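I opened this notebook to keep track of what I looked up, going from strands to helices and back to strands.

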Amino acid sequence: MARPSKGLSTRAVHGGESRQKPFHAVTNPVVQTATYVFRDSQERIDYESAPEDREEYGRYGNPTMAVAERKIAELEGGEEAALFSSGMNAFTSVLLAMLSSGAHVIVMDECYRRSRQFCRQILPRYGIDVSFVETNNYEQLEQTITKKTRLIISESPTNPYLNVIDMERITDIAKQHRVKVLIDGTFATPYNQRPLDFGIDLVLHSATKYLGGHNDLLAGAVVGNKMLISALREFRDITGGIVDPHCAYLLIRGMKTFALRMAQHNHNGMEIAHYLEKHPRIKQVYYPGLESHRNHDIARRQMSGFGGVVSFEVDGDMEATIRFIDQVKIPYIAPSLGGVESLIEQPAIMSFYEMTKEERLEIGIKDELVRFSVGIENAEDLIADLDQALGKI
Ligand SMILES: Cc1ncc(COP(=O)(O)O)c(C=O)c1O
């Protein structure tokens, strides 16, 4: 894949935009309409042969979303991008659009809880066979491929332990067996990682996170070649998981400062990971930028920065961890990640609360695990805050 000619921050500001915009505005208009008018019947007939020149109906797209899609494609270095109403809508759409009854899909087992749930509970109801393999176990991956395997899916870095997939190995195996690979790169973003450069077929983002960046919108994006993305758009035309014009505007606006925000997230993530690693009340820190992380070598090879999510285990039990979380003053206690505001959560009482302790442990979620989405506040303030909170458990 050819390297983009402009730097990432230039692409974040100008990518996907026309230089001359309606009303001579510098910003992209929010084209807030549900449908689009044809002057006469001939114009409707002509539209069939040049559909890219205009819009027809709001479920099929809108001009504000089209700008956001082009910008994301440019950031990721892919031919095209398709936006969806959430990261999960993007994920479920890719799978349903690409797989038919009788097909087989392989999922690396450490992933977002809802992605796992969709693969485990919903896909089999439609005759799609799903195998989970241990994250980063390439021998097991290869042995699990069958003649019916169509797709291999993994996050990189994974949620919540930030394991990093070896993209060269996964694409080697996939190409030998003519299987496509989807990487959920939400945690890394195109600032830190470019899976398409390694031959990955599709990259998915919960744009709710770092691309939007302000904890104020829900969206999902898939980037890949024109053929795959066109098929996804056709699927979306039917299922309707579109991004409305106002949300697309917020996403464009959020992406203008993408590179600046990511530089600060990376800086803060590293500072906080180092601080926590030395703290006597912290048992273990999971951050791919740390030498102690089990995938540090792959991360260093493949990534240019390590992002703003730091996971760690408090040296204590469920209650001690609750006491710590309840003492922090700057991060908000909330699910999600990737916004300018720091968010902190204890997965055992947030996303995984409905499970028993045994069920949680089976997928590696300990009571004392904390996931910290480090925002863009000053690192020293965040560290002082963590310090006072850790002093009170
Ligand atoms: C890695 C990852 N992928 C996908 C999603 C789903 O994104 P959304 O919440 O936008 O549906 C999440 C949500 O937390 C996530 O962490």
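Before anything else I wrote down that two strands pair if DSSP finds at least two bridges between them, and that helices (H or I, at least four residues) and strands (E, at least two) are DSSP runs numbered from the N terminus. I also noted that this is a predicted model, in which local features need pLDDT of at least 70, side-chain atom pairs count only at pLDDT 80 or more, and totals for chains, interfaces and linings use all residues. Residues are numbered from 1 along each chain as its sequence is written.

**Entry 1: around E5**

I looked up the neighbours of strand E5 (residues 180-184) and found that E5 and strand E6 (residues 202-206) run parallel, joined by 3 bridges. On the other pairing I checked, strand E4 (residues 149-155) also runs parallel to E5, with 5 bridges between them. The chain gets from E4 to E5 by way of helix H7 (residues 167-176), and this β-α-β crossover is right-handed (with the strands pointing away from the viewer, the path from the first strand over the helix to the second runs clockwise). Leu182 of E5 stands opposite Ile153, and its bridge partner in E6 is Leu202.

Is E5 mostly covered or mostly open? I found that 4 of its 5 residues are buried, where buried asks for 20 or more other C-beta atoms within 10 Å of the residue's own, with C-beta atoms placed from the backbone.

**Entry 2: H3 and H10**

I next looked up helix H3 (residues 63-76) and helix H10 (residues 245-256), which pack at an angle of about 35° with their axes 8 Å apart. Here axes are lines fitted to C-alpha atoms, for helices over the stretch in contact, and angles run from 0 to 180 degrees between N-to-C directions. The contact (C-beta atoms, placed from the backbone, within 7 Å) involves residues including Met65 and Val67 of H3 and Tyr249 and Leu251 of H10.

**Entry 3: the mixed sheet**

Finally I traced an open sheet of 5 strands, in the order E8-E9-E12-E11-E10, whose pairing is mixed. Strand E8 (282-286) and strand E10 (332-333) stand at the edges with a single partner strand each, so one side of each is left without a neighbour in the sheet. E8 pairs with strand E9 (residues 309-314) in the antiparallel sense over 4 bridges, and Val285 stands opposite Phe312 in E9. Helix H11 (residues 258-278) lies across E8, E9 and strand E12 (369-373), running at about 15° to E9. Helix H13 (residues 318-327) packs on the sheet too, touching E9, E10, strand E11 (343-345) and E12, and its direction makes about 135° with that of E9.

Notes: A residue is buried if 20 or more other C-beta atoms lie within 10 Å of its own, exposed if 12 or fewer, and partly exposed in between; C-beta atoms are placed from the backbone. Two residues are in contact if their C-beta atoms, placed from the backbone, lie within 7 Å.
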